[in-house]
Amino acid sequence: MQGHRLTILSVHPDTKEATSAFNALDAVAKDLPLNVKIDRIPFDKLDFGETSALDRFYNADIVVGDLSEHAHRAPLFYQLGVRDSFDMQHNIVTFLDKDEEETLALLKLSCTTYKFVPYYIREDGSAIATEVQPGGGKQNRTPTGIPLVRKFRRILQEMDVAARKQHKEFFLTALRKARENTQGEELKEELRRIKKMMDEDPRLYSGDIIVQLLLTYRDMQDYDAMVNLVGQLPDDEQTQKAAVQQHYAFALNRRKKEGDREKALQILNQVLKKKENHVPDLLCLCGRIYKDKFVESEYEDKQSLEYAIVWYRRGFDVQPNVYAGINLATLLVISGKEFNKSTELQRIGITLNNLLGKKGSLESLQDYWDVATFFEISVLAEDYSKACAAAECMFKLKPPVWYLKSTLGNINLINSLRRKDETENVSEEKQGFDFWMDFFVEATVESTTDVRFPVLVLEPSKIYVPSYIVVNAETDDKSIELRHLIWPHTLDKVHYVFLSL
């Protein structure tokens, strides 16, 4: 498939009548508001099997083959059959209507698969389409018909819609494959290639394709690309869809350039003017923006904290969900509420546990955010044993870096404002939790100068053992140490030293 531009290939004989039919097709192609490329190849080249002619014939979005010449019919029907085998089904068969019985016979051959357009030429040279219906008989044939130009216009408009649908599926498949099979610079290059093809016909930017592109850029944390994509597209029905505006506002909030957050809130306020858009994703995004403003003010912007609570509460009230619930609970704790004293916090906790329980056991959860929610609830309740179990499940899901950063931001927020008892001994469970925090932090940074690294050691028993590697580069022995945490596994040996040669 050529992808992005409607290509029409004509195979008309070099006769006066067939040329009139081609001219009608050419006039329609140039007149329609479509991104069309029309071409004409001689029948002889196709019949001879010339490679370039066959390639153009098989890959054109629409083929118009004229069967006026008797000798052309069998070869053309064969080549049209080959196109059918490639699932290239947009084919038009034209025919100079000189004999009623011959026209009806050809109709029976072609009407089930192809658009059949018989025509004749008036004395003034204009081409007229003969209106004919299946079934045979003179009553099914209208010799006066309609101008061939009008007939072609209607057919091409129908086929353009169908071809764009095919192209859309092509690009959606290409995007999915790019996300699944590439990453880093290779993924960026593949996205540039796909987007360049789509830019040749902006009408291909349907709402679902725009959203899929935005999601791909989001997972790459390329917020500039997200903002630029929406900015370059026309301000029409597709870009005004709530899903597109949601991701646009999300990208502006994450990009954090001057004025971005204010613009994001303006976009969301506009979208939320429609009651049908009062859904958790949009309401909670407002909460996220105010939460980010509170955090980046070094916890001084109490008004943003209150606004964040209001928006997350609205998202949770509209439809109880884990994302709104965990953020609302976190912010309520930060505002000074305590689990054992707050009725609202207890209600949220019960609801979240019930929602997660319905999705299955912790080990069976495959959605990162469900597992991360379990992790955060456990931290809020200071149940570090459960938090560690959730952390290992998070690791196994191999989440994108920005997922981890989001979760770490919430945990750091809780820990930074939670009162600490300096006299309390650190439990083994808490040590295990501290390890996982170190491990996830290391996973989100590109480089480090540390000499102590958290690692997971996979034992022969298939158990992951939290451990630390210590690089003693400045000591005389220049050694590397591997230190296992004892909790939660019992090992014969917990400390190894590897000396340099």
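This is a predicted model: local features need pLDDT of at least 70, side-chain atom pairs count only at pLDDT 80 or more; totals for chains, interfaces and linings use all residues.
## Chat about rings, cores and helices

Reader: Which other ring has a charged end sitting over it?

Author: That would be Tyr-468, with the charged end of Arg-452 over its ring, 3.7 Å from the centre.

Reader: And is Tyr-468 part of an aromatic cluster, and with which residues? What forms it?

Author: Tyr-468 belongs to one aromatic cluster together with Phe-395, Phe-435, Trp-436, Phe-439, Phe-440 and Tyr-464.

Reader: How many aromatic pairs are there in total?

Author: The count comes to 23 aromatic pairs. Tyr-312 and Tyr-323 make up one of them, an edge-to-face pair with 6.0 Å from centre to centre and 70 degrees between the planes.

Reader: Where do Tyr-312 and Tyr-323 lie?

Author: Tyr-312 is in helix 13 (residues 302–318) and Tyr-323 in helix 14 (residues 322–334), so the pair ties together parts that are 11 residues apart in sequence.

Reader: Buried or exposed, for Tyr-312?

Author: Tyr-312 is buried, at 0% relative accessibility. Tyr-323, in contrast, counts as partly exposed at 34%.

Reader: OK, new topic: what's in the largest nonpolar core?

Author: The largest nonpolar core has 95 residues, and Leu-229, Leu-331, Phe-375, Phe-433, Trp-436 and Phe-440 are those with the most contacts inside it. Helix 14 gives the most to this core, with nine residues.

Reader: What is Phe-440 in contact with, leaving aside its neighbours within four places?

Author: With those neighbours left aside, Phe-440 is in contact with Ala-391, Met-394, Phe-395, Leu-404 and Leu-408.

Reader: Which residues does the second, separate core include?

Author: The second core has 24 residues, and Ala-29, Leu-96, Tyr-119 and Leu-156 are among them.

Reader: Which residues are buried in helix 19?

Author: In helix 19 the buried residues are Gly-432, Phe-433, Phe-435, Trp-436, Met-437, Phe-439, Phe-440 and Thr-444.

Reader: What do they pack against?

Author: The buried residues of helix 19 pack against helix 16, helix 17, helix 18, strand 8 (452–458) and strand 9.

Reader: And what about the span of helix 19?

Author: Helix 19 (residues 428–444) has 17 residues, which should span 24 Å at 1.5 Å a residue; the end C-alpha atoms are 25 Å apart, which agrees.

Reader: How does helix 7 do on that score?

Author: Helix 7 (residues 184–199) has 16 residues and reaches 23 Å from first C-alpha to last, close to the expected 22 Å. Leu-187, Leu-191, Ile-194, Lys-195, Met-197 and Met-198 are buried in helix 7. Seen down the axis of helix 7, the buried residues fall within an arc of 155 degrees, so they line one face.

Reader: What's exposed on the other side of helix 7?

Author: Glu-185, Glu-186 and Lys-196 are exposed there.

Reader: One more residue. Where is Ala-251 found?

Author: Ala-251 is in helix 10 (residues 242–255), and it counts as buried at 0% relative accessibility. Leaving aside neighbours within four places in sequence, Ala-251 is in contact with Tyr-223, Met-226 and Val-227.

Reader: Zooming out, how many helices and strands are in the chain?

Author: The protein chain has 19 helices and 11 strands. Of its 501 residues, 46% count as buried.

Conventions
Residues are numbered from 1 along each chain as its sequence is written. Side-chain values use heavy atoms; hydrogens and water are left out. Helices (H or I, at least four residues) and strands (E, at least two) are DSSP runs, numbered from the N terminus. The expected span of a helix is 1.5 Å times one less than its number of residues. Buried means under 20% relative accessible area, exposed over 50%, partly exposed in between (1.4 Å probe, protein chains only). The arc is that of the directions from the helix axis to the C-beta atoms. Rings of Phe, Tyr and Trp (its six-membered ring) pair if their centres lie within 6.5 Å; planes under 30 degrees apart count as stacked, over 60 as edge-to-face and the rest as tilted. A charge sits over a ring if NZ of Lys or CZ of Arg is within 6 Å of the ring centre and within 35 degrees of the ring normal. A nonpolar core is a set of buried Ala, Val, Leu, Ile, Met, Phe, Trp, Tyr and Cys residues joined through side-chain atoms within 4.5 Å. Contact means heavy atoms within 4.5 Å.
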